[in-house]
Amino acid sequence: MIGYLHGRVIALYTDHCLLDVHGVGYRVFVANSTRTKLRLKEEASLFVYTSVREDAIVLYGFAAEEEYDLFLQLIGVSGIGPKVALGILSAITVEGLCRAIQNKQASVLTKLPGIGKKSAERLILELKDKLGASQLELNTAELAGAGVPVRGSKSA
């Protein structure tokens, strides 16, 4: 399986890019947050999830490892496939999603593409312990280190 790609961005589209890796062009679907970091004709590195289906092999790419890790957690939830997971990550930040899940805010989750009430409840039930303190502590430490007051942290 392809797990990582490094090459030159030769085309950018709404939901994917073409990445030239030593003369081979890979179509990689990306979230908005990753797309905004890509520049035409510049080098890029992407963490890649390879989805193998009966009729296609599809690549999903992420500029940040934390986004890739969250994508893997999302597709591990029953009823959430790679397209829906990518749509979720395009609509909300990693921090926002983690916070909504930890705070059990189903109303925030139901506003995401492809997520209804039952899917939101399933996301909360299955991910609240997996995302847990480590993901939120990392995000809180990063924000506090940047001088941003964070509610609930010792520096706020």
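Q: Why is R53 called partly exposed?
A: The relative accessible area of R53 is 40%. Buried means under 20%, exposed means over 50%, and partly exposed is what lies in between, with a 1.4 Å probe and protein chains only. R53 falls in the middle class because its value is 40%. This is a predicted model, in which local features need pLDDT of at least 70 and side-chain atom pairs count only at pLDDT 80 or more, while totals for chains, interfaces and linings use all residues. Residues are numbered from 1 along each chain as its sequence is written, and side-chain values use heavy atoms, with hydrogens and water left out.

Q: What makes R53 and D55 a salt bridge?
A: Their closest N and O atoms are 3.3 Å apart. The term asks for a side-chain nitrogen of Lys or Arg within 4 Å of a carboxyl oxygen of Asp or Glu, so the pair qualifies at 3.3 Å. A search of the whole structure finds one salt bridge. D55 counts as exposed because its relative accessible area is 64%.

Q: How do you know which class S51 belongs to, buried or exposed?
A: S51 has 7% relative accessibility and therefore counts as buried. The residue is found in strand β4. Strands here are DSSP runs of E with at least two residues, helices are runs of H or I with at least four, and both are numbered from the N terminus.

Q: Which residues does S51 contact, leaving aside its neighbours within four places in sequence?
A: S51 is in contact with A56, I57, V58, Y60 and P82. Contact means heavy atoms within 4.5 Å.

Q: What makes M1, V52 and I57 a patch?
A: They form a nonpolar patch on the surface, with about 390 Å² of accessible area together. Patch residues have over 30% relative accessible area and no salt bridge; like charges are joined within 9 Å, and nonpolar side chains (Val, Leu, Ile, Met, Phe, Trp, Tyr) within 5 Å. Areas come from the Shrake-Rupley method with a 1.4 Å probe, and for residues only the protein chains shown count as cover. I57 lies in strand β5 (residues 57–62), and its relative accessible area of 62% is why it is called exposed.

Q: Which residues have the most contacts inside the largest nonpolar core?
A: They are L74, L97 and L109, in a core of 30 residues. A nonpolar core is a set of buried Ala, Val, Leu, Ile, Met, Phe, Trp, Tyr and Cys residues joined through side-chain atoms within 4.5 Å. Two or more residues each come from β5, α2 (65–75), α3 (82–91), α4 (94–102) and α6 (117–145). A second, separate core has twelve residues, including V30, A44, V48 and L59.

Q: Why is the pair of Y4 and F47 called edge-to-face?
A: The structure holds eight aromatic pairs. In the pair of Y4 and F47, the distance is 5.7 Å centre to centre, with 70° between the planes. Rings of Phe, Tyr and Trp (its six-membered ring) pair if their centres lie within 6.5 Å; planes under 30 degrees apart count as stacked, over 60 as edge-to-face and the rest as tilted. The angle of 70° gives the name edge-to-face. Y4 lies in strand β1 (residues 4–12) and F47 in strand β4 (residues 43–52), so the pair ties together parts that are 43 residues apart in sequence. Y4, at 45% relative accessibility, counts as partly exposed, and F47 is partly exposed at 23%.

Q: What makes the pair of F29 and Y60 tilted?
A: Their ring centres are 6.0 Å apart and their planes are at 40°, so the pair is tilted. F29 in strand β3 (residues 24–30) and Y60 in strand β5 are 31 residues apart. Both F29 and Y60 are buried.

Q: Why is C98 called buried?
A: C98 counts as buried because its relative accessibility is 0%. C98 is in helix α4. Its C-alpha is 8.1 Å from that of K128, which is 30 residues apart in sequence.

Q: How do you know which class L125 belongs to, buried or exposed?
A: L125 has 61% relative accessibility and therefore counts as exposed. L125 lies in helix α6.
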